[in-house]
Amino acid sequence: MAFAVALVLALLLVRSARLHVGWSGDLDLDGPQKFHDRPVPRVGGLAVWGGMLAGTLCWVWDQPEHRWCFGVLLVASTPAFLGGLLEDVTKKVRPAMRMGAVVIAALLAAWWLGAILYRTDIPGIETLVSTTLGALAVTVFVVAGVANAINI
């Protein structure tokens, strides 16, 4: 369900681009990572967030006892979502600020949900995550790395 909703929303964003490209489009077509020949919407995070919301609602419908957990996860992820959306719309948010928003989201999830990596099975890293502070640092690093790897 999450994939289907994200796919439909992404297609709708692309197909309706002429209606909103003035505020959502990447109008700068020159640059090392630019390969489009016309402006494209930058707000793909809306589709990802919509898919996550749909998947969450389906899960909660089937497993209502997990409602609090998914609600907290959605709230914890809000700084990362808003930081990315603000960058997509204004094109004025510095990378460090976006990274900070993702770090805040990861810290909120760790604090509110206890979502911390205490085991990796990777030599060297396993020693680091054996302590709470080390596990928290690795968790934040991994969340920020995955979020930015997907975004790029």
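Visitor: Is threonine 139 buried or exposed?

Guide: Threonine 139 is buried, at 6% relative accessible area. Buried means under 20% relative accessible area, exposed means over 50%, and partly exposed lies in between (1.4 Å probe, protein chains only).

Visitor: What kind of model and numbering are we using?

Guide: This is a predicted model, and residues are numbered from 1 along each chain as its sequence is written. Local features need pLDDT of at least 70, side-chain atom pairs count only at pLDDT 80 or more, totals for chains, interfaces and linings use all residues, and side-chain values use heavy atoms, with hydrogens and water left out.

Visitor: Back to threonine 139. Where is it?

Guide: Threonine 139 sits in helix H7, residues 132–151. Helices (H or I, at least four residues) and strands (E, at least two) are DSSP runs, numbered from the N terminus.

Visitor: Which residues is threonine 139 in contact with?

Guide: Leaving aside neighbours within four places in sequence, threonine 139 is in contact with Ala115, Ile116 and Leu117. Contact means heavy atoms within 4.5 Å.

Visitor: What lies 2.7 Å from a polar atom of its side chain?

Guide: The backbone nitrogen of leucine 117 does.

Visitor: New topic. How many helices and strands does the chain have?

Guide: The chain has seven helices and two strands. From the N terminus on, the order is α-α-β-β-α-α-α-α-α.

Visitor: And how much of the chain is buried?

Guide: Buried residues make up 24% of the 152 residues.

Visitor: How do H4 and H5 pack?

Guide: Helix H4 (residues 67–90) and helix H5 (residues 95–113) pack at an angle of about 175°, with axes 8 Å apart. The axes are lines fitted to C-alpha atoms, for helices over the stretch in contact, and angles run from 0 to 180 degrees between N-to-C directions.

Visitor: What do we call that arrangement of H4 and H5?

Guide: H4 and H5 are roughly antiparallel to each other. Angles under 35 degrees count as roughly parallel, over 145 as roughly antiparallel, 65 to 115 as roughly perpendicular and the rest as oblique.

Visitor: Which residues make the contact?

Guide: On H4 they include Trp68, Val72 and Ala76. On H5 they include Ala101, Ile104 and Leu108. By class, the contact has 16 nonpolar, three polar and two charged residues. Ala, Val, Leu, Ile, Met, Phe, Trp, Tyr, Cys and Pro count as nonpolar, Asp, Glu, Lys and Arg as charged, and the others, Gly among them, as polar.

Visitor: How many disulfides are there?

Guide: Zero, in a search of the whole structure. A disulfide is a pair of cysteine sulfur atoms within 2.5 Å. Cysteine 58 is partly exposed, at 36% relative accessible area. Cysteine 69 is partly exposed too, at 27%.

Visitor: Where is arginine 119?

Guide: Arginine 119 lies in the loop between H5 and H6. Arginine 119 is exposed, at 59% relative accessible area.

Visitor: What does its side chain make a polar contact with?

Guide: The side chain of aspartate 121, at 3.0 Å. A polar contact is a pair of N or O atoms within 3.5 Å; within protein, one must be able to donate a hydrogen and the other to accept it, and residues adjacent in sequence count only if both atoms are side-chain atoms.

Visitor: What about phi of aspartate 121?

Guide: Phi is near 60°, a positive value in a residue other than glycine. Aspartate 121 is exposed, at 54% relative accessible area.
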